[in-house]
Amino acid sequence: RFRSLIKTALYHLIIDFHRRTRRDRKLGTGSALEHVAAEEIQPVADSFSLAWRESLLQSAWTRLEQLQDQTGKPYFDVLRARVDHPEMTTSQLLKHLADQNIVVPGGSAFRVFLHRARRRFAALMLEQVTHSMENPTEEAIELELIELGLHHFCKPAADG
């Protein structure tokens, strides 16, 4: 809870800083060179973060598919179907999977299976981030996931 409070306070400080910077730029105060340098660096960092995020996601999908091949449990197929068809209800998704000859449990057991698939996917992403760091601490891993916008995906795996 304390970390959440600190993160929220830090987030608000960053937002306030950017608002002040934008206001100062409109008023003509501050160094123009600093603003130009900041604007040039930001897109590069964003494109790198997006590429890194996509790489992590693709790697996690590949590893989930490999896990499915090893165990015979259709974690990849079920999660991929849910991601590709978020508008489908559980019964529609079950029918869609059955049409593709993918055998999965029905009813509430399917929801449990989908939950397990999500947790496996999150654990694979968390593992990828951990292996990519020199000195992975819980805080460093969490910050990396937040910066990449993957924290909400990996939180269940990190907690469990």
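This is a predicted model: local features need pLDDT of at least 70, side-chain atom pairs count only at pLDDT 80 or more; totals for chains, interfaces and linings use all residues.
1. A residue counts as buried when its relative accessible area is under 20%.

2. The structure contains 3 aromatic pairs. Trp61 and Phe76 form one of them, with an edge-to-face arrangement: the ring centres are 5.7 Å apart and the planes stand at 90 degrees. Because Trp61 belongs to helix α2 (residues 32-71) and Phe76 to helix α3 (residues 75-84), this pair ties together parts that are 15 residues apart in sequence. Trp61 and Phe76 are both buried.

3. Tyr75 and Phe113 form a stacked aromatic pair, at 5.0 Å centre to centre and with 15 degrees between the planes. Tyr75 sits in helix α3 and Phe113 in helix α5, so the pair links distant parts of the chain, 38 residues apart.

4. Ring pairs also join Trp61, Phe76 and Phe121 into a cluster.

5. Helix α5 (residues 108-132) packs against helix α6 (residues 138-148) at an angle of about 115 degrees, and their axes lie 10 Å apart. The angle means that α5 is roughly perpendicular to α6. The crossing of the two helices, α5 and α6, is right-handed.

6. Which residues of α5 and α6 meet? On the α5 side they are Leu126, Val129 and Thr130, and on the α6 side Ile141, Glu144 and Leu145. Sorted by class, this contact of α5 with α6 comprises 4 nonpolar, 1 polar and 1 charged residues.

Key. Residues are numbered from 1 along each chain as its sequence is written. Side-chain values use heavy atoms; hydrogens and water are left out. Axes are lines fitted to C-alpha atoms, for helices over the stretch in contact, and angles run from 0 to 180 degrees between N-to-C directions. Helices (H or I, at least four residues) and strands (E, at least two) are DSSP runs, numbered from the N terminus. Angles under 35 degrees count as roughly parallel, over 145 as roughly antiparallel, 65 to 115 as roughly perpendicular and the rest as oblique. A crossing is left-handed if the near helix is turned anticlockwise from the far one by less than a right angle, and right-handed if clockwise. Contact means heavy atoms within 4.5 Å. Ala, Val, Leu, Ile, Met, Phe, Trp, Tyr, Cys and Pro count as nonpolar, Asp, Glu, Lys and Arg as charged, and the others, Gly among them, as polar. Rings of Phe, Tyr and Trp (its six-membered ring) pair if their centres lie within 6.5 Å; planes under 30 degrees apart count as stacked, over 60 as edge-to-face and the rest as tilted. Buried means under 20% relative accessible area, exposed over 50%, partly exposed in between (1.4 Å probe, protein chains only).
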